[in-house]
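Keep the structure open beside you as you read.

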Amino acid sequence: MIAVEVVGLSTSPASGGAFILVLGEMGGARRLPIVVGENEATAIVVGIENRPPPRPMSHDLFCSLIEQTGIQVVSIVIDGLKDGTFYAKIRFVQDGNHDQLDSRPSDAVAIAVRLDADIFVAETVLDEAGIPMGEPELPTYEDQTTGKVSPTEELEQQLARAIEKEDYEEAARLRDALAQIKEPE
């Protein structure tokens, strides 16, 4: 498991009001962009800024309930990615017993930032969906016979430019397009 932290949350105008939650590898250069809804983005920001809303949000209520019952949230883990959907678990201890609950990553992160719980991502998820930061511009490959750049190389160059601009939504789209090209059907 790789420790991560929330490094960004931005709007995604192209996806109808969705937001991009960006988790950054602690001590590393990879970023994991995850599309979240507006309500979930708001819940994460409220938790990060530690500003209580006028009335408890669902995440605040959940955190209050688990604190009242003596449950301790130890960490959250984003441990799966299937068909573009991320999966997470909330790990907790109750009466000395360790257990976990299935959760959407956005809800798990909203709870983790409120309870100061560690956030982890499975290495396999970060390998598949993570975006490396700070790497040099990819060299241009030109086919020696035609002088043209291959479609894959063009996508890789576009991905490098999107990462450099910190356009995570575009980078994620390009990453997925490259994965489809590179994976055998």
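## A buried arginine without a partner

R31 is buried, yet it takes part in no salt bridge. In this predicted model, the nearest side chain of opposite charge belongs to E25, and it is 6.5 Å away. A salt bridge would need a nitrogen-to-oxygen distance within 4 Å.

Where does R31 sit? Its place is in strand β3, which covers residues 30-36. Leaving aside residues up to four places away in sequence, R31 touches V7, V22, L23, G24, E25, A129, G130, I131, M133 and Y168. E25 is thus among the residues that R31 touches, even though the two form no salt bridge.

## The neighbour that does pair

Which residues does R30 bridge to? One partner is E25, with the closest N and O atoms 3.0 Å apart. Another is E123, where the closest N and O atoms are 3.3 Å apart. Because R30 lies in strand β3 and E123 in helix α4 (residues 123-129), this second pair ties together parts that are 93 residues apart in sequence.

Both R30 and E25 are buried. R30 counts as buried because its relative accessibility is 17%, under the 20% limit. E123, at 34%, counts as partly exposed.

## Other charge pairs

A search of the whole structure finds 7 salt bridges. Another of these joins the side chains of E40 and R104, at 2.8 Å from N to O. This pair links distant parts of the chain: E40 belongs to helix α1 (residues 38-49), while R104 is in the loop between β6 and α3, 64 residues apart. E40 is buried, with a relative accessible area of 15%, and R104 is partly exposed, with 45%.

Salt bridges that share partners also join E25, R30, E123 and D127 into one network.

## The nonpolar cores

The largest nonpolar core holds 33 residues, and L23, L32, I78 and V121 have the most contacts inside it. Helix α3 gives the most to this core, with 5 residues. Apart from it lies another core, of 9 residues, including I20, I131, L159 and A162.

Not counting residues up to four places away in sequence, V121 touches M1, I2, V4, L23, L32, I78 and L126. As a rule, nonpolar side chains in soluble globular proteins tend to be buried together.

How enclosed is α3? Of its 11 residues, 9 are buried, so the helix is largely enclosed by the rest of the structure. The buried residues are P105, S106, D107, A108, V109, A110, I111, A112 and R114.

α3 is followed by D116, a residue that is not a glycine but has a positive phi of about 55 degrees. D116 is in the loop between α3 (105-115) and β7 (118-121). D95 likewise has a positive phi, of about 50 degrees, and is not a glycine either. It is found in the loop between β5 (85-94) and β6 (97-103). D95 counts as exposed because its relative accessibility is 70%, and D116 counts as exposed at 70%.

## The chain as a whole

The chain has 6 helices and 8 strands, arranged along the sequence as β-β-β-α-α-β-β-β-α-β-α-β-α-α. Buried residues make up 40% of its 185 residues. Among contacts with a separation of 6 or more, 47% come from residues 24 or more positions apart. The chain exposes about 11000 Å², with carbon and sulfur atoms supplying 49% of it.

The average pLDDT is 80, and 78% of the residues score at least 70. Confidence is highest in β7, at 97, and lowest in helix α6 (residues 168-182), at a mean of 66. Over residues 135-144 the pLDDT is below 50, and this stretch has 22 contacts in the model beyond near neighbours in sequence. Residues 181-185 also stay under 50, with 5 contacts beyond four places in sequence. Where pLDDT is low, the predicted coordinates should not be read in detail.

How values were computed: Residues numbered from 1 in each chain as written. Heavy atoms only, no water. Helix = DSSP H or I, 4+ residues; strand = E, 2+ residues; numbered from the N terminus. Buried < 20%, exposed > 50% of the residue type's maximum accessible area, 1.4 Å probe, protein only. Lys, Arg positive; Asp, Glu negative; His and termini not counted. Contact = heavy atoms within 4.5 Å. pLDDT = per-residue confidence, 0-100. Areas by Shrake-Rupley, 256 points an atom, 1.4 Å probe, with all protein chains shown as cover. Core = buried A, V, L, I, M, F, W, Y, C linked by side-chain atoms within 4.5 Å.
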